[in-house]
Amino acid sequence: MVDNLASLNAALNEATADRIAAEARFRRAGGGGSSAEALSNNAINNLRQRRAELNAEYQDLMIRFEPGYPQARAIQSQIEALDQAIAREESRVSGSVRAEYQQAEAREQALRQRVNALTDEYLDVRRRSIQYNIYQQEVDTNRALYDGLLQRFQELGVAAGVGVNNIAIVDTANVPERPSSPRLLINLLVSLLAGIGIGAALALALEQLDEAIADPSEVQRRLGLPLLGTVPKVDEDETPRDALLDRKSEMVDAYIAVQTNLAFTTEHGVPRSFSVTSTRPAEGKSTTSLALATMLARSGKRVILLDGDMRSPSVHHLGNVSHDRGVSNFLAGDEDFTGSIFRMDDLGIDAMSAGPIPPNAAELLTGDRMRGLIDRLHEKYDHVVVDSPPVMGLADAPLIAGHVEGVIYAVESHGIRSTQVKTALGRLQAAHTRVFGAVLTKFEARKAHYGYGYEYGYGYGRDTDTKAA
């Protein structure tokens, strides 16, 4: 408390010095334009210099003309306007000095009140400390008296009980023929039954608490979304692009099935424009965007892949190009976007990078520039696929979804809780977004619950072909 009081006193002295300095500046500023603040103000000095120039020009005119001369009247009007501006600026400077003085005075008063309060509290603590020491001395004295009386009482009790014995043998004890415990067989049986029951209860509880999407059938049951397809997990030594280039891979078969189901979502078949999003990053949305664009291109369609994730762009890596120009440039007002499009010949599609990362991507997406970009791309391309950012924590995905026909939702198998997916879908529904269906990504049949060991048939015939080769 003493340290706090000392620090507050130091702060009060500093505040008093600040208040005195501010008050001195305020007193000096009472002269308006003659104060040091006004004289050092660049704006006032510029206005005064301009007024002096106009006044000199006015005096030159007065040598040759009358005050009623039009040019002289115009200069006089400018001089009056400058006088008013100088007066306003001087008033603003004076008001700033007054406000500074008032703030310094208020700070000094507040610190003074705190110092007075802490001083009163310190004095009260000292008074209580003195009284406490008095009480402590009384307690120590009473305890010493009590200990002496107790010792004397015990000595009298021992002296009075010497020679008295009231112990007698009533009956002799019997030696037991066998141990009463532990009962080994009963304990083993009880432990076995308890272990089976606890294990079954724990397994049931874990099953009920597991909210991960483990089986394709759970997509419709838990999320209420149509299942467009199930994509198997790619081997660690193989990239998704390599799997797409292998037309006999399981991933290609899976996304052909997704494309087939997607053709039944609208009256005109596969949507002309759609975005692919997910609940969180790394669920396979970018792979799904690239794969669907590739499958549509292989069916003879002209397809372009847009990188709508302007916070963490990735499409430009596929084409080994930079993202110096892209979607963000067009959204910011640049009408020429053709230079941002690059070709991926091995996949047969065009792509457009996200462009420079903007300070706030959501602000660029609030207008109609994104819809305008998609409409202009439809003049050349049959389908526009947008790789959208994840939904949770960002406003980008719902904004992009409002400019396309609908959304394809990527759900990571065994990796995302259904409650999180429902929350993200709720945000899309709140934006009146149409969700065509879900794609279950990174599916591993061996981890499924209900016998999906046949792996959806994606590997059918491949072992036979390999042996024959």
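How many salt bridges does the count come to by the rule used here? I took a salt bridge to be a side-chain nitrogen of Lys or Arg within 4 Å of a carboxyl oxygen of Asp or Glu, and the count came to 19.

**Entry 1. Basis and overall figures**

I note that this is a predicted model, in which local features need pLDDT of at least 70 and side-chain atom pairs count only at pLDDT 80 or more, while totals for chains, interfaces and linings use all residues. Residues are numbered from 1 along each chain as its sequence is written, and side-chain values use heavy atoms, with hydrogens and water left out.

I looked up the secondary structure and found 16 helices and eight strands. These are DSSP runs numbered from the N terminus, with helices (H or I) of at least four residues and strands (E) of at least two. I then looked up burial, where buried means under 20% relative accessible area, exposed means over 50%, and partly exposed lies in between (1.4 Å probe, protein chains only). Of the 469 residues in the protein, 36% are buried. The protein exposes about 28,100 Å², of which carbon and sulfur atoms supply 54%; I record that accessible areas come from the Shrake-Rupley method with a 1.4 Å probe, and that for residues only the protein chains shown count as cover.

Residues 24 or more positions apart account for 78% of them.

**Entry 2. Salt bridges**

I recall that side chains of opposite charge can pair when their charged atoms come close. In helix H4 (residues 70-160) I found Asp-124 and Arg-128, four residues apart, about one turn of the helix. Their side chains meet in a salt bridge at 2.8 Å, N to O. Asp-124 is partly exposed, with a relative accessible area of 27%, whereas Arg-128 counts as exposed at 59%. I also noted that a network of salt bridges links Asp-124, Arg-127 and Arg-128.

I next looked up Arg-302 and Asp-382, whose side chains meet in a salt bridge at 3.1 Å, N to O. Arg-302 lies in the loop between H9 and strand S3 (303-307), and Asp-382 in the loop between helix H13 (369-378) and strand S6 (383-387), so the pair ties together parts that are 80 residues apart in sequence. Arg-302 is partly exposed at 47% relative accessibility, and Asp-382 is partly exposed at 23%.

A further salt bridge joins the side chains of Arg-325 and Asp-334 at 2.6 Å, N to O. I found Arg-325 partly exposed at 35% relative accessible area and Asp-334 partly exposed at 26%.

**Entry 3. Helix H15**

Helix H15 (residues 418-430) has 13 residues and reaches 18 Å from its first C-alpha to its last, close to the 18 Å expected at 1.5 Å a residue. The expected span is 1.5 Å times one less than the number of residues.

Which residues of H15 are buried? I listed Ser-418, Val-421, Ala-424, Leu-425 and Leu-428. Seen down the axis of H15, these buried residues fall within an arc of 125 degrees, so they line one face of the helix; the arc is that of the directions from the helix axis to the C-beta atoms. They pack against helix H6 (217-223), strand S2 (273-278), helix H14 (396-401), strand S7 (406-412) and strand S8 (435-443). After H15 comes His-432, whose phi is positive, near 55 degrees.

**Entry 4. Helix H13**

In H13 I found Met-370, Leu-373, Ile-374, Leu-377 and His-378 buried. They cover an arc of only 140 degrees around the axis, which puts them on the same side of H13. An α-helix has 3.6 residues a turn, so residues three or four places apart point the same way.

**Entry 5. Single residues**

I looked up Thr-294 in helix H9 (residues 285-298). Thr-294 is buried, at 0% relative accessibility. Leaving aside neighbours within four places in sequence, Thr-294 is in contact with Leu-244, Leu-347 and Ile-349.

Arg-48 has its place in helix H3 (residues 42-64) and counts as partly exposed at 25% relative accessibility. The C-alpha atoms of Arg-48 and Asp-83 are separated by 8.3 Å, the two residues being 35 apart along the chain.

Key
Contact means heavy atoms within 4.5 Å.
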